[in-house]
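Here's a quick tour of one model, taken a neighbourhood at a time. Have the sequence and the 3D view open as you read.

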Amino acid sequence: MPPPVPAPEDGASEDPNDREGATVEETFELFSAQAPKGWRVELIEGEIYVVPPAKGPHEKIVTELVEQVIAHRTDKELRNSTGIGLHLPGVNGTMRVIPDLVIAPRDSFDAPQEWHAPDPVLLVAEVASPSTASRDRVLKIRAYARAGIPVYLMIDREAGEAVVCSGPEGDDYTHKSLHKLGTEVPLPAPLGFSLDTAAF
């Protein structure tokens, strides 16, 4: 796990170590507010994770995903969003996650709040990196399924695979297909096209 965000220096009351009795949610809010620009702070099953800005290879894949969705989507009302915060139901309270890519209908995230309900989301995608892979492979599959998000696409660079999860039911997806990176990866509706992972 990456190092935690440094605690604020402008007062003892703002230091997480001095906030005896603070809830995990309160500590998460404090870390989120103090995170340097570009860093992501997520709350997953009662644990706070701090992720530094993505490196070039990661962003290249996210950009390629966005470009292919724009080029091939049949529903022109669908929009790609990066950096959107979602609040999801968790076993240990509400979770806060920021997927690498969210696909939802136009105007789904017009409200000004920082964290949005997952109801309109049709697909989430994560590009797993060494620091996030364990969460992307296990915890986030459960979280996205529990939230009823129809499709979860994970690009697992370490394993050299793309994993397509669909049919959320309870804490898991009823259908998972694995594809080697470099091949065509069929995406279910509402996208309904084959993702070319040769550029990944």
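## Around serine 177

Leaving out residues up to four places away in sequence, serine 177 touches Ala162, Val163 and Val164, where contact means heavy atoms within 4.5 Å. Serine 177 sits in strand S11, residues 172-180; strands (E, at least two residues) and helices (H or I, at least four) are DSSP runs, numbered from the N terminus. Its side chain makes a polar contact of 3.0 Å with the side chain of histidine 179. For the term: a polar contact is a pair of N or O atoms within 3.5 Å, and within protein one must be able to donate a hydrogen and the other to accept it, with residues adjacent in sequence counting only if both atoms are side-chain atoms.

Is serine 177 buried or exposed? Serine 177 is buried, at a relative accessible area of 19%; buried means under 20%, exposed over 50% and partly exposed in between, using a 1.4 Å probe and protein chains only.

A word on the ground rules: this is a predicted model, so local features need pLDDT of at least 70 and side-chain atom pairs count only at pLDDT 80 or more, while totals for chains, interfaces and linings use all residues. Residues are numbered from 1 along each chain as its sequence is written, and side-chain values use heavy atoms, with hydrogens and water left out.

Valine 164 belongs to strand S10, residues 161-169, and is buried with a relative accessible area of 3%. Valine 164 and leucine 178 are 14 residues apart in sequence, yet their C-alpha atoms are 6.6 Å apart in space.

## The six-stranded sheet

Now zoom out. Six strands form an open sheet in the order S3-S6-S8-S9-S10-S11, with mixed pairing; two strands pair if DSSP finds at least two bridges between them. S3 (78-81) and S11 are the edge strands, each with a single partner, so one side of each has no neighbour in the sheet. On average, neighbouring strands of this sheet are turned by 15° against each other, direction ignored.

Inside the sheet, S6 (residues 101-105) and S8 (residues 123-128) pair in the antiparallel sense over three bridges, and isoleucine 103 stands opposite leucine 123 in S8. Helix H2 (residues 56-72) packs on the sheet, touching S3, S6, S8 and S9 (151-156), and its direction makes about 155° with that of S8. Axes here are lines fitted to C-alpha atoms, for helices over the stretch in contact, and angles run from 0 to 180 degrees between N-to-C directions.

Alanine 189 and proline 190 are joined by a cis peptide bond, with omega at about 15°. Proline 190 is in the loop between S12 (184-186) and S13 (194-196).

Glutamate 45, in the loop between S1 and S2 (47-51), has a positive phi near 50° although it isn't a glycine. Glutamate 45 also counts as buried, at 18% relative accessibility. Another non-glycine residue with positive phi is aspartate 107, near 70°, in the loop between S6 and S7 (115-116).
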